[in-house]
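Hi everyone, thanks for coming. I'd like to walk you through one protein today, so please have a look at the picture first.

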Amino acid sequence: MATTEECRAALEKLSDNLAGAEGNVRTAAALDRSLSCHITDLDVTFAGRLTDGRIEVLDTFDGQPREKADIRLAMTGDDLVALVDGELNFARAWGSGRVRLEAGVRDLFRLRKLM
């Protein structure tokens, strides 16, 4: 089972990947939205912002997200690490329910380019 520190490192790696992306991926990531990522097996939530193609984690706390973020993710820590390492396909994980993604319709259309 991935630790809280490994999950934070995975989010930092994802942020670096998004910041270095080009084309459609870069355009899709260039949002300014609040973001939460709930790690279900650890019952920990990372809250922050997706801004200019980077994820900035502003707070980490126990339990469910305290506020409804514009973009909400939920998954196990192992799945987060596997997604970022390229070992788990996001679209398949989302389709099978291993990863939950909730956002407004406009954001979902933009985010689909990241998948």
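This is a predicted model: local features need pLDDT of at least 70, side-chain atom pairs count only at pLDDT 80 or more; totals for chains, interfaces and linings use all residues.

Before I name any pieces: helices (H or I, at least four residues) and strands (E, at least two) are DSSP runs, numbered from the N terminus. Residues are numbered from 1 along each chain as its sequence is written, and side-chain values use heavy atoms, with hydrogens and water left out.

Okay, the overall picture. We have five helices and five strands, and from the N terminus they come in the order α-α-β-β-β-β-α-α-β-α. The radius of gyration is 13 Å, close to the 13 Å that the globule rule gives for 115 residues, so the protein is as compact as a globular protein of that length. That radius is taken over C-alpha atoms, and the rule is 2.2 Å times the number of residues to the power 0.38. If you want a box around the C-alpha atoms, it's roughly 35 × 30 × 25 Å along the principal axes.

How much of the protein is buried? Buried residues make up 39% of the 115; buried means under 20% relative accessible area, exposed over 50%, and partly exposed in between (1.4 Å probe, protein chains only).

Contacts next, meaning heavy atoms within 4.5 Å. Take the contacts between residues at least 6 apart in sequence: 57% of them join residues at least 24 apart.

So what's inside? A nonpolar core here is a set of buried Ala, Val, Leu, Ile, Met, Phe, Trp, Tyr and Cys residues joined through side-chain atoms within 4.5 Å. The largest one has 26 residues, and I71, L73, M75 and L80 touch the most other members. At least two core residues come from each of α1 (4-19), β1 (32-39), β2 (44-51), β4 (71-75), α3 (77-84) and β5 (100-103). As a general point, nonpolar side chains in soluble globular proteins tend to be buried together.

Let's zoom in on L73. Beyond four places away in sequence, L73 touches L35, S36, C37, H38, F90, V99, R100 and L101.

Now α3. Six of its eight residues are buried, so α3 is largely enclosed by the rest of the structure. Which ones are buried? G77, D79, L80, A82, L83 and V84, and they pack against α1, β1, β4 and α4 (90-96). Just after α3 comes G86, with a positive phi of about 80°.

Which brings me to two aspartates in loops. D43, in the loop between β1 and β2, has a positive phi near 50°, and D43 is partly exposed at 37% relative accessible area. D52 sits in the loop between β2 and β3 (54-62). D52 also isn't a glycine, and its phi is positive at about 50°; with a relative accessible area of 56%, D52 is exposed.

One more aspartate to finish: is D107 buried or exposed? D107 is in helix α5 (residues 105-111), and D107 is buried, at 7% relative accessible area. Leaving aside neighbours within four places in sequence, D107 is in contact with L31, R33, D70 and I71. And I71, remember, is one of those core residues that touch the most other members.
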